[in-house]
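Dear colleague,

Please find the structure we discussed below. My notes on it follow.

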Amino acid sequence: MDIEQKQAELIDHFVKQASSLKGSALGSVIVEATSHPSLFAFFEILAVPSVAELEGSENSVYLEMLRLFAHGTWSDYKGNTGSLPLLVPDQVLKLKQLTVLTLAETNKVLPYDQLMLELDVTNVRELEDFLINECMYAGIVRGKLDQLRRCFEVQFAAGRDLRPGELGSMIQTLSNWLGTSDNLLISIQEKIKWADTMSELDNKHRKEVEDGVEEVRKSLSLKT
């Protein structure tokens with residue numbers, strides 16, 4: 001089973017669970033979802049009405065926890081430990097994995113020093129073990145560890161949930177890309193048309209030359 005199919009099945013499972021519960025009962029479901037080793041997307045769970053209803057309630061910390069795993073990083077958690085529940089070890093691991101995905105969104109070459117700082121890792125061996133065992137083997141990133149340059153070269157990284165307000169920006173980016181692609185296609189078509197025209201003119205010129213040569217041959221033949 002590929003990672004996308006596994007994600008879809010897990011999302012469906014947790015959405016159904018969350019939809020049948022309310023209030024404090026959602027806490028255990030949210031902890032389980034954010035601890036699951038194969039789940040890295042949480043938008044659909046956030047969209048469940050009973051989960052959204054946690055906003056402003058005495059159990060709102062679980063909603064904030066879920067938002068953290070949807071959009072945040074390990075550094076975000078460290079800066080807000082006073083307003084969030086204590087994370088269990090599986091959640092800590094998950095949030096650090098998600099932090100790598102966030103960093104890979106904007107940079108395809110991640111310096112070891114930056115990664116160690118963001119992940120609270122104290123040495124290169126520990127960092128490389130984490131990237132290999134917890135990220136690459138998990139299928140969420142692919143890349144190359146460059147010990148000489150002390151960096152991780154990202155070749156692929158799974159996408160994270162869209163942050164609020166990002167959808168419009170993404171649509172605009174795709175629209176711009178589509179416009180650029182259309183212009184490029186028109187340019188290519190014009191160049192093909194020009195090449196066809198030049199080829200036609202070249203063939204016409206060649207035929208005229210060949211006809212001219214043939215006329216000369218005939219003329220010489222008659223004279224002899």
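This is a predicted model: local features need pLDDT of at least 70, side-chain atom pairs count only at pLDDT 80 or more; totals for chains, interfaces and linings use all residues.

Helix 7 and helix 9 first. Their axes cross at roughly 100° and come within 11 Å. Angles of 65 to 115 degrees count as roughly perpendicular, so helix 7 and helix 9 are roughly perpendicular. On the helix 7 side the contact is made by Leu93, Lys96, Gln97 and Val100, and on the helix 9 side by Phe130, Leu131, Glu134 and Cys135. By class, five of these residues are nonpolar, one is polar and two are charged.

Helix 9 (residues 124-136) also packs against helix 8 (residues 112-119), where the axes come within 10 Å and cross at roughly 80°. Helix 8 is therefore roughly perpendicular to helix 9. From helix 8, Tyr112, Leu115, Met116 and Leu119 take part; they meet Val124, Leu127, Glu128, Phe130 and Leu131 of helix 9. This contact has eight nonpolar residues, no polar ones and one charged.

Leucine 103 lies in helix 7 (residues 89-106). Its relative accessibility is 11%, so leucine 103 counts as buried. Apart from neighbours within four places in sequence, leucine 103 is in contact with Leu110, Gln114, Leu115 and Glu118. Its C-alpha atom is separated by 19 Å from that of serine 38, which is 65 residues away along the chain.

Threonine 73 sits in the loop between helix 5 (60-71) and helix 6 (74-78). Threonine 73 counts as buried because its relative accessibility is 11%. With neighbours within four places in sequence left aside, threonine 73 is in contact with Leu68, Leu95, Thr99, Thr102 and Arg160.

Last, helix 1. Helix 1 (residues 3-19) has 17 residues and reaches 24 Å from its first C-alpha to its last, close to the 24 Å expected at 1.5 Å a residue. Which residues of helix 1 are buried? They are Gln7, Leu10, Ile11, Phe14 and Ala18. Viewed down the axis of helix 1, these buried residues fall within an arc of 105°, so they line one face of the helix. Among the elements that cover the buried residues of helix 1 are helix 2 (26-35), helix 3 (43-46) and helix 4 (49-52).

Best regards

Notes: Residues are numbered from 1 along each chain as its sequence is written. Side-chain values use heavy atoms; hydrogens and water are left out. Axes are lines fitted to C-alpha atoms, for helices over the stretch in contact, and angles run from 0 to 180 degrees between N-to-C directions. Helices (H or I, at least four residues) and strands (E, at least two) are DSSP runs, numbered from the N terminus. Angles under 35 degrees count as roughly parallel, over 145 as roughly antiparallel, 65 to 115 as roughly perpendicular and the rest as oblique. Contact means heavy atoms within 4.5 Å. Ala, Val, Leu, Ile, Met, Phe, Trp, Tyr, Cys and Pro count as nonpolar, Asp, Glu, Lys and Arg as charged, and the others, Gly among them, as polar. The expected span of a helix is 1.5 Å times one less than its number of residues. Buried means under 20% relative accessible area, exposed over 50%, partly exposed in between (1.4 Å probe, protein chains only). The arc is that of the directions from the helix axis to the C-beta atoms.
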